[in-house]
Amino acid sequence: MSYTFDIIKILPVLNFFDHQQKVEQTPHRSLAYLGSYDCTLDGFIQSTKLVHQKPDWDWDAVVSAMIEFWLSQEGRVRHWKQVFQQSDEGHLIVARVANVNCLRREFEAML
């Protein structure tokens, strides 16, 4: 399986957890959202442990995708760190992890 990781936005903590409750209804989903109080690789890796109903994925491969992103997207990481530092207290930086195979099947089913 292959996975993608991307930092997508900054949200207030309550908005993020409300969204998580809606998204995490099924363990067979193609996406998972991670929220961290730190814009660091370690912060996002730790946040994988907080996914309430984890999809049945290879989470070691997910962490590898996160590391790959961190090493290959230095400019984007730096941008998000700066934006996050300027955000209000009580906000999380949010990233999206996707299972590429599951996401592809979902898109094909829509067609």
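The following paragraphs describe the sheet of this predicted model, the helices packed on it and the surroundings of Ser47.

Residues are numbered from 1 along each chain as its sequence is written. In this predicted model, local features require pLDDT of at least 70 and side-chain atom pairs pLDDT 80 or more, totals for chains, interfaces and linings use all residues, and side-chain values use heavy atoms, without hydrogens and water.

Three strands form an open sheet in the order 1-3-2 with antiparallel pairing (strands being DSSP E runs of at least two residues, and helices H or I runs of at least four, numbered from the N terminus; pairing requires at least two DSSP bridges between two strands). Nine bridges join strand 1 to strand 3 (residues 91-99) in the antiparallel sense; Val97 in strand 3 is the bridge partner of Phe5.

Helix 3 (residues 59-72) lies across strand 1, strand 2 and strand 3, at about 75 degrees to strand 1 (axes are lines fitted to C-alpha atoms, for helices over the stretch in contact, with angles from 0 to 180 degrees between N-to-C directions). Helix 4 (residues 74-85) packs on the sheet and touches strand 1, strand 2 and strand 3 (contact denotes heavy atoms within 4.5 Å); the direction of helix 4 makes about 15 degrees with that of strand 1.

Ser47 belongs to helix 2 (residues 41-47). Not counting residues up to four places away in sequence, Ser47 touches Leu34 and Gly35.
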